[in-house]
Structure formats: C-alpha cells, structure tokens
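Q: I am new to this structure and would like to learn how to read it. Could you take me through it feature by feature?

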Amino acid sequence: MTKFEIRGLRADVLIGAEERQEILKGVDLTINSGETHAIMGPNGSGKSTLAYAIAGHPKYEITDGEVLLDGENVLEMSVDERARAGLFLAMQYPVEVPGVSMSNFLRSAVTAVRGEAPKLRAFSKELQQAMGGLSIDPAFAARGVNEGFSGGEKKRHEILQLELLKPKVAILDETDSGLDVDALKVVSEGINRARATGEVGVMLITHYTRILQYVRPDRVHVFAHGQVAESGGPELADVLESEGYERFVKAGASQ
Amino acid sequence: MASPNLGITEHSHGAGEIPISKLDTHGSFDVNDFPVPNGREEEWRFTPLRRLRGLHDGRDIADGVVKVDVQAPAEVSVETVARDDARLGTSFLPTDRVSALAYQAFTEATVVTVPADTTAAEPVFVRITGVRQGDAYGHVLVHVRRHAAATVVLEYSGTAVYADNVEFVVDDGARLDVVSLQDWERDAVQVSHQYTRVGRDARFRSFVVTLGGDLVRLSPKVGYTGPGGDAELHGLYFTGAGQHHEHRSLIDHNVSNTRSRVEYKGALSGEDAHAVWIGDVIIGEGTQGTDSYEHNRNLVLTDGTRVDSVPNLEIFTGEVEGAGHASASGRLDDIHLFYLQSRGIPADEARRLVIRGFFADLINRIEVPELRERIMAEVEEKLALHE
Ligand SMILES: Nc1ncnc2c1ncn2[C@@H]1O[C@H](COP(=O)(O)OP(=O)(O)OP(=O)(O)O)[C@@H](O)[C@H]1O
Ligand SMILES: [Mg+2]
C-alpha cells in the first residue's frame, strides 16, 4: 500500500534568466495505490506544470509545499532518484532523443529502476510481449527514442514504459489526446493492465470523458488557476463535459 | 518536437549569403610560392602557428621517424616507391606552404592501386605510426580504377610532427570509402592534405575521425573529373583539454551534375579545447545541377572550450539544384537529459547516452565493424576523463 501526497505545492515556471511566473498556487491531493484520480481543467490552468514539477523538470521551480511518497520527500531527490523511488510521468509531449535507440534506452531504464540488469533473453521477450500488447511494431525498438514518431506512437511508447517500469505512482498527462479510437482502446488497456496489480496510484490528466469510459476513475478533480478547485466522484466528469469549465474560470478570474 | 537538439542555437543561410574573398584553388609545387604564414592570413588565422613546431616555416630537419605498414587483400596492389615515381603528384597542386613542403621533403611514397572492375574483398589498412618524435613527411596515393571498389583505412598513431599529402583518385564508375583515423598520442602534430578527384558517376565517401594529437589540421579537398560524381565527407572529432583540431574541407563543383554532402560533428571538453571547422564549397561557372549541403555541429561539454565554425559557399552560376549549409554549437540539451533521468537513468549515464547518440549515426555508417567499436570505445574513454 502506497500513499502519495501533494501538500500545499507552489511552483514557478522559469521563463528567462530573470523572469519567472507562479503557476501552482497551493495544490493538495492524496492518491493511494489502487486508486485512479482524474484531473480535468482548462488549458493553461497548470496541469502539466503540476506533473513536470513533481517529476523535477528543470524549467520549473518549486517554491513551497511537499510531495511525499510513503512519507519520503520526493522533492529532495534528483530526477532519476524520483523515478527509482517509484514515480512515473507519461508526458504530454514526449521528448525526442536522437541517436539513442529505444531498446537501449528501455534496457537502461529497466536496469536502473529494478536495480539490476535483466537477463538479455528474458528482457527481449518481455519487451516483445509488451510491445505486442500495445500494437507497436517491433521495428520501433531500433529507432531513436521518439525520433520522428507520430503523436500517437509517442503516447503508446509512454505506456510501454509504464508497463515495463511498474511504478508506484503514475502521472499520465493527456495520454489520450491525439489518439484515434482504436489507439485509445489499446492504450487504455495498457493502463488497465498496469492498474490491475492494484499496486499503482494513477493521476490521469485529461480534457475528455472519452478515456474515462475505459479507465474508470475513483475521484475526479477540477484544476483551475493552479489549484484543485473542486473534487467529486466519477459523475463530476459528466457534469464538466456538459457544462464546461466556465464556472471555475470565472471563479478564478474574480479572485 | 521539430528540432532534435533543443539546446542548440541553429543558424542556417540560404545560398551565397557569405561572399568568399579568396579561396585557395590555385596551387604550386614550389614552396617559395607560399610566403611563411604569420597567422593573420585567412587560412592560418585559427591555427596556433607556434604549436606547428616548425612545420610551416620548413625547417625540414627530418629527425622524426614514421613507419608505414599496409595490409591489403591480394587483389589490391601495394607498392613503396621513390619520390620520382611518375604517378605521384599528378592529381593535385599543393594549396598551401605545408603541403608544398611535405611534397618536397618526403622520401618514399605508398601507392595503393585497385585494378579496374575489381572489388576489394577486405578493407586496405594503411598504418602510419610515428616511432620517434620529430618532423617527418609522407605521401600516399590511392588509385581506384574504372568500376573498381574499395575501402581504405588510414590510421595515424604514435607520435611525430608530421606533414603529408594523400591523393585519392577515383576513376569513372568507381567507389572509394575512406576512413582516416587520427589517433595520435597526445604530443603529436599533424598537418595533412587529402586531395580527391572523383570521376564520372564515381562515388567517394570519407570518414575523418580525429581524437588524438596536440594539433591536427586536416584539409580534405574534392574536385570532380566527370559529371555524376558523388562525394560525402563525414567527420567526427572529440577535442579534449588543450587540443587543437582543425578540419578544412573544400568541395569544388567544377563539373555539372555533381553532388556533395559534408557533415562534421564534434564534441569539446576541457580547458582550451579548440575545434575549427571551415567548410568551403565552390559551385563553378557554367555548371548545372549541383547538389550540395554542408553541416557542422558541435557539442560543448564544459566551459573553457572554443569553437570556430565557418561555412563558405561561393556560387558562380544560377543553375544550382540545391545548396545550403548550417552550423550549430551548443551544450547538451537538459530536456534530453531530463527525459532519460525521468525513467530512472542516472545523470552520468544519461549524459553518456546522449553524447553517444550524437555520434552514433555517423559511427554506425562506418562499414568496418572493428573500427566502429574502437572509435566508440575511445570516445567513451575521453568522456570518462571529464566526469
Ligand atoms: N516557458 C513559459 N513561458 C511562459 N509561460 C509559460 C511557460 N511555460 C508554461 N507557461 C504557462 O504556464 C501556464 C500553465 O501551463 P500548463 O502547461 O501547465 O497548462 P495545462 O493545464 O497543462 O494546459 P493544457 O490543458 O493546454 O495542456 C500556462 O499559462 C502557460 O502559458
Ligand atoms: Mg498540459
């Protein structure tokens, strides 16, 4: 049983040498393993900032608050230590790393996270199986990390990494956007396989209820102006879908 | 993401934005036709003359000893010839003082000939080893005859103060792949010219890999003797603390319907590491259908390094198929590192992966497996020095 807690988190985006802007204005959220929390909210409200700040992206700086994984302060760890502690972020815009082959990258990541190098044979079988499950052509293993991948291909590979790395907490930032209906199904199944263990807490950032038909959330949070503005059960997602975020956008603007 | 290397500022010019005042397209075998450089000349201004240890003024004591070993498959002829052999010096004119001096001073030359219609089954290795530090001069001629094909590896190691001229003559329909590996010991000095003539429908590919030495200045020059010729010049350098690596390519599209690609990539690490890349391309008067592109990319790994990267494109005709250049220098991209680290990969390993990736596609195109591994291993070794 894992407890992931975000307490009073504030963070700035670093824009230039001197320039910064506060985006996260005190975020509180607790996710236990086995739970899935959907985060919905208007463009620019700070959802990706929350995800990146937790992962330790160099463009963001946390100014206040805590992020605890089973009581351990994640913010005191380096980016790679956070991942090895069990944190995973599927990015909205996965990064292309030219010249580094996907298979080499995945093996390095798996070795680092598991603490020992998997046997070559066993690993290539595991990789093949995981790729098959996400309908990824085996030829991708030889290509550069995300190099020239389409948007949808990148998203599939993020979930491939989720399945291989088996984190305690997975933050999925708009993994559903840019996917066609078939791909959405394949990717959702991947997420559900990871969830089926009951050992992962999922923070699912999305704009659409479409993915929530496949990946049922336990809680839904509305994110606006760098904060959790409202929380509820799965039914809140339907309210948001029909009514939009107007209520929350206005509320923030009048503050 | 549109740009693969986010941390790198890229500037790219259209054809002919930078006029070239003078390109050294004329030459001479007479040393006296070239004044002793003083360092202010365009072609010498990046080179620390003091560190040439006399190679440019022509002290010619010849107190160094350099050994040449050649390993070749049976179908390739290898000869050691005296300096008066009629085949030597017919494909080029020295374009600077050191080249002329080297041609005047060498005692023996190595001639490698691939007979017409013959494909060399194995690479030819020409190993040039400096065994006693001091100035020494050399000459190599590689002649690939009509419709023949070969891979030639030039391997420089040991220590010397060395100047040489290498002639690559690629006859009509022939193919020549060259790997030139500058793997000198740390105190070596080398000034080298590689003159290539590409025949009709012939193909020339070179991989210049410079890792060692105190100072290496290498000038690959390519001209065409018939239409349809294709030249690809790839380069890789890893310039460590105090090293000077200078590559000056010149492609002379003097014939119609010729193609060239120049792609040089380097990493710099450590105090006073200095890399210079000069890429000259001339598209000659009255020619048509030239297709040319050149590119230099530098990865700056530490403070205290210096890069000079100068593409020059000079066009004398309106009938160009394509011509362009780009030059970029920058640090390791911290977003690349972030992505790898966010998957648990430790920072130093992430750095290694990204740097290896930077060189990988170039190294992977070298079709001699043992060289690929050796070059990658040496790159890793140099990386380890600064971690
Ligand atoms: N480099 C930057 N310079 C200026 N502002 C930035 C920068 N990076 C992010 N921001 C701003 O931070 C705010 C939050 O952005 P963020 O990407 O977290 O929003 P989001 O909720 O994920 O939006 P979306 O739903 O569109 O993905 C936005 O207003 C954005 O413009
Ligand atoms: Mg976002």
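Q: Where is A:N146 placed?

A: This is a predicted model. In it, A:N146 sits in the loop between β8 (144-145) and α5 of chain A.

Q: What is the phi of A:N146?

A: Start with the general idea. Most residues other than glycine have a negative phi. A:N146 has a phi near 60 degrees, which is positive although the residue is not glycine.

Q: Is A:N146 buried or exposed?

A: A:N146 counts as buried, because its relative accessibility is 0%.

Q: Which value does phi take at A:D70, and where is that residue found?

A: Phi of A:D70 is near 50 degrees, again a positive value in a residue other than glycine. A:D70 belongs to the loop between β4 (60-69) and β5 (72-73) of chain A. Its relative accessible area is 40%, so A:D70 is partly exposed.

Q: How do I read the sheet with β4 and β5 of chain A?

A: Strands of a sheet pair through backbone hydrogen bonds, either parallel or antiparallel. Here four strands form an open sheet in the order β2-β1-β4-β5 (chain A), and the pairing is antiparallel. The edge strands are β2 (20-32) and β5 of chain A, each pairing on one side only. Two bridges link β4(A) and β5(A) in the antiparallel sense. Within that pair, A:L68 is opposite A:N73 in β5(A).

Q: What does α1(A) lie across?

A: α1(A) lies across β1 (3-14), β2 and β4 of chain A. The helix runs at about 105 degrees to β1(A).

Q: Are A:S48 and A:Q92 buried or exposed?

A: The cut-off for buried is under 20% relative accessible area. A:S48 has 17%, so A:S48 is buried. A:Q92 has 15%, so A:Q92 is buried.

Q: In which order do the strands of the six-stranded sheet come?

A: The order is β6-β9-β10-β3-β11-β12 (chain A), in an open sheet with mixed pairing. At the edges are β6 (87-90) and β12 (227-232) of chain A, each pairing on one side only. Neighbouring strands of this sheet are turned by 20 degrees against each other on average, direction ignored.

Q: Which residues cover the two faces of β10(A)?

A: In a regular strand the side chains alternate between the two faces of the sheet. In β10(A), A:G201, A:M203 and A:I205 are on one side, with A:V202 and A:L204 on the other, and all are buried. The strand, residues 201-205 of chain A, is mostly covered: five of its five residues are buried.

Q: What does helix α5 of chain A lie across?

A: Helix α5 (residues 151-165) of chain A lies across β6 and β9 of chain A, at about 165 degrees to β6(A). A:R156 is placed in this helix. A:R156 counts as buried, because its relative accessibility is 18%. Beyond its neighbours within four places in sequence, A:R156 is in contact with A:L134, A:S135, A:I136, A:A183, A:V186 and A:V187.

Q: How do I read the domains of chain B?

A: The domain assignment gives domain 1 (5-331) and domain 2 (332-387) of chain B. Their centres, taken over C-alpha atoms, are 26 Å apart. In all, 39 residues of domain 1 of chain B are in contact with 24 residues of domain 2 of chain B.

Q: How much area is buried between domain 1 and domain 2 of chain B?

A: The size of an interface is often given as the accessible area lost when the parts come together. Between domain 1 and domain 2 of chain B, that area is about 2,600 Å², and carbon and sulfur atoms give 67% of it. B:L236, B:F238 and B:K265 supply 21% of the area that domain 1 of chain B buries against domain 2 of chain B, more than any other three residues.

Conventions
Residues are numbered from 1 along each chain as its sequence is written. Chains are lettered from A and ligands numbered from 1 in the order in which they are written. This is a predicted model: local features need pLDDT of at least 70, side-chain atom pairs count only at pLDDT 80 or more; totals for chains, interfaces and linings use all residues. Side-chain values use heavy atoms; hydrogens and water are left out. Two strands pair if DSSP finds at least two bridges between them. Axes are lines fitted to C-alpha atoms, for helices over the stretch in contact, and angles run from 0 to 180 degrees between N-to-C directions. Contact means heavy atoms within 4.5 Å. Buried means under 20% relative accessible area, exposed over 50%, partly exposed in between (1.4 Å probe, protein chains only). Domain bounds come from an automatic or database domain assignment. Buried area is the accessible area (1.4 Å probe) that two parts lose on being put together, summed over both.
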